[in-house]
Each structure stands twice: as structure tokens, then as C-alpha cells.
Amino acid sequence: MVSYKLHEYWSQYQVIEANPNRVERLSLASDLVLTSNARIPDTPDVTIAYNGHLTVNGDNAQPIGAFVINNQDNATTSGVLISHCENITSTSTAVRYYLDYSSNPYWYYLCLPFDVRVEDITNTANAAIVIREYDAAGRADHGPSGNWVDVAPDATLQAGHGYIMTASAATYATFPATAETRQAIFTPAAVTTPLDAHASVQPTDAGWNLVGNVYPAYYDIYYMDYTAPITVWSTGNRSYTAYSVADDNLALLPFQAFFVQRPENVDVLTLNPAGRQTSSVIDHSAASVRRAPAAGRSVVNLTLSDGQFTDRTRVVINAAASDDFDAATDATKMMSYEGAPQFYSLLADDSQLAINEGQQQSGLVDLGMYLPADGTYTIDLTRADIDVQLLDDGQIVQMPYTFSAPAGTLDRRFSIVFASGTVTGIDQALPATLQALPSYDLQGRRVKSPAVPFLRKGSIVISK
């Protein structure tokens, strides 16, 4: 009624009356915003279709019959519910999720806002659905391999806990909430998820948790009460990407699961409701307080591509950070072996990092990669807050840099060095007359020439 009375055309009518027919079923395929007083009459079944957005304001009660929201792994077409009301109820609640299929099946990462009994899950194609969870305790004990375990057919998927799933055919799978938890999807409040410590002797294997966005809406990670990196699976790119609240703009999909590696003294992750959005578009122009990156931070982003898939790694120079692994700022590389190249930086102990934030006192960071096939690959620089150069076996090369290599792991062939004037231990560039001189190690062996044209503090140059 309000929309008609405010409309430029329909408002010209003298009399506007409500539809006398009772609304039994309502399917939303576009935007519907309920003001503080407006409510959908009676108790209809409500389905939010793809591209449908329902926003409920005010505290007036909104009873609903069967509530279903449609979602898929897509940045533009998922259904959205944004509730600012504490008095929405339903007689039943379900998420309907589209599971695509190809000759190499896709894995989907889901985190639901309510509990679901596995035996209650149905799908339109009568396909076989495999659901797995991450054994973070197992990773802490024996490392990063072999930690996905099947969820038992009689198990219950827990609210706030992440899972991966795939199907034997393209299908629409329905995940119905248990009667005890079905109202959780309507919450207008912040949602807090506990994080397990999972202590390990290897820091990069400790503290893994698969959690997620439990809101039925896109979610801007800027509003999370959590500042450590998160790791997100990209279905189309067949790879994991680490994101930082300080450096990245990202809107999570509705019900999207992601990994975190719990920092010391952090035991929860909280999603604040201000981060909910009806789309994946990021706009911080109206944000009242913007988190400012720490002073003295310089970010370098590098990508590795085979022409079809692209992976990235990040090195951050931060005078206040440690060069040892710290889950509060660093992100361990979560490896994927589904046909996409993998890219990471290396610590001295061979730990593989997707985000490597530290003082970088040596002025040089070694890179590593996993190449799924023999072929040609390209390294490129997509962001550089400081001058940086790529080395191939110690030789400076220009980016984008294309090279050929066989399948397998290729560690420490490539590295990056930073120009002088940064917060690293590099003091000054070598004079041009010295750059062409051959170089020798402390055992008197000649190393590759020309030498890297940077002189670190405390270095000596020996010529013959």
C-alpha cells in the first residue's frame, strides 16, 4: 500500500485498496522492504527466489508459514534476507542451494545458521551428495594432508560450523532446519562463533577452524570483529585465497564457509550485523570508522598464472611485525591440488605462507610454487607499495615474467628483493661500477653474475 501511494504513476489514483484475497504463498524475485509498521498479512509461505531481497525493519511481529531461501555460489544472484526485527517466526525453515556438476565435480563450502539432520536433506535430481568436515585436530597432530572426513549419514550439521559438499549430478539441495533451531536465520543480532585452539608443535598447523557467514546475506568482512586473515575457497578458480581485513575488500556469499587460523588469545569470531548486504558490491563511503592499516606497512601482491587459473601470494613489510610465523598477521598457504597452480612465500623453516607479514629484515623473500603440469607459467606484480624486483636463480627479471617448468614443486628458484629506503635491513643500492663485478661466497666460490644490485647493512663486496 505504501509503495503504491508513493509511486509517481499509481499515486494519481483516488482510491487504493488492499487486495481482499488472502495471501497464502509469496515468492520474492526482487526487492521488498518492510517499514517498521508494514507486514505481510496473514501467515503465508515465503520463498525468496534468486535475485530476491527481503528487508524487515521495526519490531512488529511477522509470522511466516514455511520459509525457504534460494542460494548458490554466485556473487550476483543469491537470495537475501536482512532482518532488523526480533519478532520474525516461521513454522519451518530451509535453505535451498544449487550444486553444480562437471566431469571434475565442484566442492562447495557451506556454513548454515541452523542445525540440519543429514537424513533430512533432499535434492531434486535424487543425486548422491557427499558432505565432509575438516579434521583440524588431526591437522594439528600430523600435518596438512588427509584431513577431510566424511560426515556420517545419521549426523547433524552444526550451525556455524563449515562443511564441504558435492553432488553426483546438478541439483537443488534443500537443507531443512531442525525445529529447535529454525528461527536462528531471522536473527538481527551479532553472531559469535567459538574458535578451537588445536595446539600443535608446528605453528602453521595449529588453530585451524572452518567457520563461515551464517547470515542469509552477502557480508562485508570489514565489519567482522576479527582482524587476522581468512582463507576462502574459489570454486571457479579451484584454489584458496587468503584475505586480510586491512588490505582487501571482500563480500562473502550467503552461508559461505571459510578457514581461519586462530591467533593466540583469540577464542571467538564475531560477525556484526552492519556487514550484511543485498549484493557483493563493496562501498565504504558511509562507514563511520574505517580501520586504518598500521603505519609503516608496505604490501606486495604477486600472481602465478597458467593462462586458465591464477593464484596469488602476498608479502607485507611491517616494522612492528615478527619475521616468525604469527597467525594474527600471517596466513598459512592452504594448498589445492585440483589442477590450478599454487603460489606461496617461504620462511626459513620451509613454512608456506599465502600472506607473509614481517619486518623482512633480510631484504629478500623466497617464493615457492606447485605446478600441476609441464607448461608455461607467468609471474606478475599486481600491487607494490615499494620498489621490488623478481629474481630467477639470482638473476633480476622483469615482470610479468614467463617461464617454462615441469610439473611438481618448485621452491626457492624465485625470490623477491626490496629496494633501499624501506623498513628492511637493506642500506643502499650498489654503485653501477660494482653491479657488473662477479661475486664470490665466503668459501671463495664464484656465484652467478651480475650480483643482485643491493647492498645490505654489514655486507662487504669482494672483487678480484
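How many residues lie between β26 and β27 in their hairpin, and which residue in the turn has a positive phi? There are 4 residues between the two strands, and G307 in the turn has a phi of about 95 degrees.

This is a predicted model, in which local features need pLDDT of at least 70, side-chain atom pairs count only at pLDDT 80 or more, and totals for chains, interfaces and linings use all residues. Residues are numbered from 1 along each chain as its sequence is written, and side-chain values use heavy atoms, with hydrogens and water left out.

**Overall content**

The chain has 3 helices and 40 strands; these are DSSP runs numbered from the N terminus (helices H or I, at least four residues; strands E, at least two). Of the 464 residues, 47% are buried, where buried means under 20% relative accessible area, exposed over 50%, and partly exposed in between (1.4 Å probe, protein chains only). Contact means heavy atoms within 4.5 Å. Among contacts between residues at least 6 apart in sequence, 72% join residues at least 24 apart.

Strands pair if DSSP finds at least two bridges between them. β26 (residues 297-305) and β27 run antiparallel and are joined by 9 bridges; S298 stands opposite I317 in β27. β27 (residues 310-318) also pairs with β30 (residues 352-358), in the parallel sense, over 4 bridges. In that pairing V316 stands opposite E357. Strand β27 is mostly covered, with 7 of its 9 residues buried.

**Nonpolar cores**

A nonpolar core is a set of buried Ala, Val, Leu, Ile, Met, Phe, Trp, Tyr and Cys residues joined through side-chain atoms within 4.5 Å. The largest one has 36 residues, and those with the most contacts inside it are F67, I69, L81, L157, M165, F175 and I185. At least two residues of this core come from each of β3 (45-48), β4 (53-56), β5 (62-71), β7 (88-99), β8 (108-111), β14 (162-167) and β15 (171-176). β7 supplies the largest share, 4 residues. Leaving aside neighbours within four places in sequence, F67 is in contact with V46, I48, L81, S90, S92, T93, A94, I185 and F186. Another core, of 33 residues, lies apart from this one and includes V191, V211, Y240 and V260.

**A four-stranded sheet**

An open antiparallel sheet of 4 strands has the order β17-β23-β20-β21. β17 (208-212) and β21 (239-243) are at the edges with a single partner strand each, so one side of each is left without a neighbour in the sheet. On average, neighbouring strands of this sheet are turned by 35 degrees against each other, direction ignored; the axes are lines fitted to C-alpha atoms, for helices over the stretch in contact, and angles run from 0 to 180 degrees between N-to-C directions. Within the sheet, 2 bridges join β20 (residues 230-234) to β23 (residues 257-261), and T231 has F259 as its bridge partner.

**Aromatic rings**

The whole structure contains 24 aromatic pairs. Rings of Phe, Tyr and Trp (its six-membered ring) pair if their centres lie within 6.5 Å; planes under 30 degrees apart count as stacked, over 60 as edge-to-face and the rest as tilted. Two stacked pairs are tabulated below.

| Stacked pair | Centre to centre | Angle between planes |
|---|---|---|
| Y215 and Y219 | 5.8 Å | 20 degrees |
| Y401 and F403 | 6.3 Å | 20 degrees |

Y215 and Y219 are both buried. Ring pairs also link Y109, Y134, W148, W208, W233, Y240 and F259 into a cluster. A charge sits over a ring if NZ of Lys or CZ of Arg is within 6 Å of the ring centre and within 35 degrees of the ring normal. R276 lies over the face of Y215, at 5.4 Å from the ring centre, and R312 over the face of Y243, at 5.0 Å.

Strand β35 (residues 401-405) has a covered face of Y401, F403 and A405 and an uncovered one of T402 and S404. Y401 counts as buried because its relative accessibility is 19%, and F403 is buried at 3%. β35 pairs with β32 (residues 375-384) in the antiparallel sense over 5 bridges, and Y377 stands opposite F403.

Most residues other than glycine have a negative phi, and most peptide bonds are trans. A cis peptide bond joins M399 and P400, with omega about 5 degrees; P400 lies in the loop between β34 (395-397) and β35. Q360 is not a glycine but has a positive phi of about 50 degrees. This residue, Q360, is in the loop between β30 and β31 (364-371) and is buried, with a relative accessible area of 7%. R412, in strand β36 (residues 408-418), has a positive phi near 70 degrees and is partly exposed at 32% relative accessible area.
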